[in-house]
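Here is a short report on a protein model. Look at the structure first, then read on.

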Protein chains: 2
Amino acid sequence: MRPALALRPSSVSRSLGPRRVASFHQCASQWSSRSVAELLQWRPTEKVDDVTVNGFVRSVRSMKTHRFVSLGDGSSLAPLQALVQADDAKDLAVGAAVRLTGSWVSSPGVAQSHELHVSRVEVLGPSDAKTFPIQKKYHTPEYLRTVPHLRPRTPVNSVLLRLRSEVIASLTQFFAARSFTQTHPPIITSSDCEGAGEVFTVMPASDAPATGSNKDNSQAFFFRSKKYLTVSTQLHLEALAQAVGNVWTLSPVFRAEKSDTSRHLSEFYMLEAEMSFVDDLGPVMDLAEDMLRSLSSSLIESSTVRDLLFRSRNSGSDLAPADEVRRRWEGLTRQDWPRITYSDAVALLQQKSDLFEHKPTWGAGLQSEHEKFLAEYVGGGEKPVFVTNYPRDIKAFYMRETQPASPQVPGPTVDCFDLLVPEFCEIAGGSMREHRLDPLLDAMKRHGILKPPLEGASDGSSSSGLDWYVDLRRWGSPPHGGFGVGFDRLLSYLSGVQTIRDIVAFPRWHGRCDC
Amino acid sequence: MRPALALRPSSVSRSLGPRRVASFHQCASQWSSRSVAELLQWRPTEKVDDVTVNGFVRSVRSMKTHRFVSLGDGSSLAPLQALVQADDAKDLAVGAAVRLTGSWVSSPGVAQSHELHVSRVEVLGPSDAKTFPIQKKYHTPEYLRTVPHLRPRTPVNSVLLRLRSEVIASLTQFFAARSFTQTHPPIITSSDCEGAGEVFTVMPASDAPATGSNKDNSQAFFFRSKKYLTVSTQLHLEALAQAVGNVWTLSPVFRAEKSDTSRHLSEFYMLEAEMSFVDDLGPVMDLAEDMLRSLSSSLIESSTVRDLLFRSRNSGSDLAPADEVRRRWEGLTRQDWPRITYSDAVALLQQKSDLFEHKPTWGAGLQSEHEKFLAEYVGGGEKPVFVTNYPRDIKAFYMRETQPASPQVPGPTVDCFDLLVPEFCEIAGGSMREHRLDPLLDAMKRHGILKPPLEGASDGSSSSGLDWYVDLRRWGSPPHGGFGVGFDRLLSYLSGVQTIRDIVAFPRWHGRCDC
């Protein structure tokens, strides 16, 4: 139906349609307001009138005839200082959302070059300061986690939100410049058997059992069989990499583990990248290294990172020491990160075995104390360190076996790496993927993933939920590999936040899913 | 533990650590390969030797002594033509992943200025061409949906993947340039009552009932109470906007509806933006308009969009006609999109009521035929149209009531908009949010969302799961508003894909969650 053409739409729409709602275009004035960060950088030599700023009252200090109002808007760790006449200030409660208009004049104080002499106060969102859960004082991280909907308003938490945003933008730019395709792999998936631990399942809320109920009212599965929240997008990324070459994603992933640590959440973001037509692990490690170096180099001078490295320590936060965090940023900007095989690493650890509680043994995973030692010793305490070629039997089924096997090595290894950073251990992990059909099927049998063929299936299809993944190897699977970075862990490392629960705005872990 | 400093790490790491794995840096040669898209643009006047390209065999045409091989790598809709000696070509099956090396020479054919005269063939991933589900012929969308893991390898689907990537990058750039903070609101949430329809619930797979079982083995909820997959990030975005000002996200959202349409999925991405300190809807609509105009202007000349608008119609696809899609892109680049109130729109529709099957009535939602008419008539068949100020009682609880109410309007309205585009209807929707405590509580009561106070709760807290959202209004809630765009619908509109199931790599809807 296209009546418009018959009805001469342009003349009609002029009279009836456009711009009927005149007020929509009468609000340009609010665009003339500046952020606190912009104002703090603005140092005119003459007084400037009619300056407007929006923000939240952080504190009010009473003088005889005036009030000193400290205003924040999330754009800057440092607040703006505004001078308000006592009569105008009576509704300026801590936490209130206000619009202040006045003159921007150079300040006699040392903390700030200019301050706002306010002639007009508008309280746009009042606050009951007495009950406001965020006061201008030190709050423990544990307390702030009980009010996640208000926690972002603290100055340090707003810096962390801006850091996340800038990191996403920088990574998007990095991958776009290298013609990597950004993708959206699925969240609800068929497979629960990637060996990443306990998973969540999903069902329509109306089909779910109520606690305490003894009845199962799910008549049939919404998706015909049981489905899960993804634990990693890698397998789907591999399918996409066979279509468009190099791909990446920044996607939420989920674990239903009941662990209660500073490093685990039930819901978190993973950055994953997959490269097609790469013969060995070299280019994959190069990409991880280039990515983190590009990221840190592009942001180390940003005002957000300067806030983190210098200013945020004044505000009673629980971040790692500023020197330590600065060392992390500088380490990431360095060239030529060391690469050492797992077997050489174990040999090195065994030479120093008196330093460790756990004896380093070939074939076992590296303990946290081992990883810390390697980061310090091999990386010189500054550069990240790639540890490669772990034993096959402690790694995931999809990793490609190292060939030829080294005669000096006690058992089969796989082409994989963990990237270790000082004081923090693993920050990324990657591997070549087994791209050949028969070796993949062998590995799946070895890991107990390949279930017996379904009854009646003559083609060997199984109930593992991974038939499609095996299928990828039947038609044109070139050598490929990739890596994953726990995005929230990376942000914790970059910010100095001590627990991952405090880098995520609304963290979810066992027993906790507030808001 | 920092033994490194005592052990002089730099000297030790030189001998033990770095660069042990020499082969990691011996693979520079593969970086000298070019993508098909790059090669197709490369028109040297002289023959160039030692040119390498990676890709997948799309077809093989037999000549007497040679084979013409059509090679694709997802970078371009058009394939590269390679000339291979018959003896070298025996393993070049359709679907195989290959690396071809040879001379890049000008071609006598008209289709392509140059072709690759191949001297070396490497089959990196063989293919059983007879069983390969993607043949060089027309496949129906229905068939391709049965092989989602292979579907991205079709030329049109690889263009769609690249379009998604370029749109994400363009939007990231748009918002970063305007100092919007990109955020990651939670996926698992507490509330099921935003009125967006049926929701999914999550639980650890080990606690979930098996189908047909009569037992409920969930002893207690993993998160202490029932939790849901988010249907919209808006409520959380509002909390973040109170911390850092303007925010946005591109996040997966979920609906457990059993609808079977070309416009609905159980899992899809939403782009949502929220602006703080905006007095009315004008700046919110300006932002939506600027965003879509910036996006279309930045991409309309890209090779991906040129592939979509011109070339993809040659390959037996099911896309909307190229002229129609070109008109969509051009419409989005236009200035000054018309804005009309719902009430004026209904009056206009009533004047033309003989055109419609459903009688236009104030207080009812607009039917699809009404929206199509408005897009054509008010927008002139090219510009998108904002329809604003819908009746309060057919919109969500959180929308701010229009004040003062217009005496010409039969009932209360809210400050909201739907953005309509020709032939496609709603592509975005937004509103001012009720930022004041008491009007919000009234609206929640009216919508039946505010449940009676919990027993023992003297502060009026309820069991709605939205106490935190109400809380935001207690302490400093400025006027704010935002909008949401169904991201996959937007991509369908921009690409001409007729059903949303074909714009998502791994689509999920009722009964279907393959791979």
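## Polar contacts between the chains

How many residue pairs are in polar contact between chain B and chain A? The count is 44, with both residues of each pair at pLDDT 80 or more. Keep in mind that this is a predicted model.

Now take the side of chain B that touches chain A. Helix α4 of chain B, residues 155-177, gives eight residues, the largest share of that side. By residue type, that side holds 79 nonpolar, 43 polar and 36 charged residues.

## The interface as a whole

Chain A brings 159 residues to the contact, and chain B brings 158. About 13000 Å² is buried between the two chains. Carbon and sulfur atoms give 63% of that area. Three residues stand out on chain B: His184(B), Phe277(B) and Trp475(B). Together they supply 7% of the area that chain B buries against chain A, more than any other three residues.

The rule finds two of them. One links Arg99(B) with Asp279(A). There, the closest N and O atoms are 3.2 Å apart.

## A strand from each chain

Which strands pair between chain A and chain B? Strand β8 of chain A pairs with strand β8 of chain B, and each covers residues 200-204. The pairing is antiparallel and runs over five bridges. In it, Thr201(A) stands opposite Met203(B).

Most residues other than glycine have a negative phi, and most peptide bonds are trans. The spots below depart from that pattern.

Start with the peptide bonds. Gln403(A) and Pro404(A) are joined by a cis bond, with omega about -5 degrees. Pro404(A) sits in the loop between β13 (385-388) and β14 (416-421) of chain A. In chain B, the bond from Gln403(B) to Pro404(B) is cis, and omega is near -5 degrees. Pro404(B) lies in the loop between β13 (385-388) and β14 (416-421) of chain B.

## Positive phi in chain A

Arg224(A) is not a glycine, yet its phi is positive, about 75 degrees. This residue is in the loop between β8 and β9 (228-229) of chain A. Phe277(A) is not a glycine either, and its phi is about 55 degrees. Phe277(A) belongs to the loop between β11 (267-276) and α7 (281-299) of chain A.

Is each one buried or exposed? Arg224(A) counts as exposed because its relative accessibility is 59%, and the cut-off is over 50%. Phe277(A) has a relative accessible area of 8%, so it is buried; the limit there is under 20%.

Notes. Residues are numbered from 1 along each chain as its sequence is written. Chains are lettered from A and ligands numbered from 1 in the order in which they are written. This is a predicted model: local features need pLDDT of at least 70, side-chain atom pairs count only at pLDDT 80 or more; totals for chains, interfaces and linings use all residues. Side-chain values use heavy atoms; hydrogens and water are left out. Contact means heavy atoms within 4.5 Å. Buried area is the accessible area (1.4 Å probe) that two parts lose on being put together, summed over both. A salt bridge is a side-chain nitrogen of Lys or Arg within 4 Å of a carboxyl oxygen of Asp or Glu. A polar contact is a pair of N or O atoms within 3.5 Å; within protein, one must be able to donate a hydrogen and the other to accept it, and residues adjacent in sequence count only if both atoms are side-chain atoms. Helices (H or I, at least four residues) and strands (E, at least two) are DSSP runs, numbered from the N terminus. Ala, Val, Leu, Ile, Met, Phe, Trp, Tyr, Cys and Pro count as nonpolar, Asp, Glu, Lys and Arg as charged, and the others, Gly among them, as polar. Two strands pair if DSSP finds at least two bridges between them. Buried means under 20% relative accessible area, exposed over 50%, partly exposed in between (1.4 Å probe, protein chains only).
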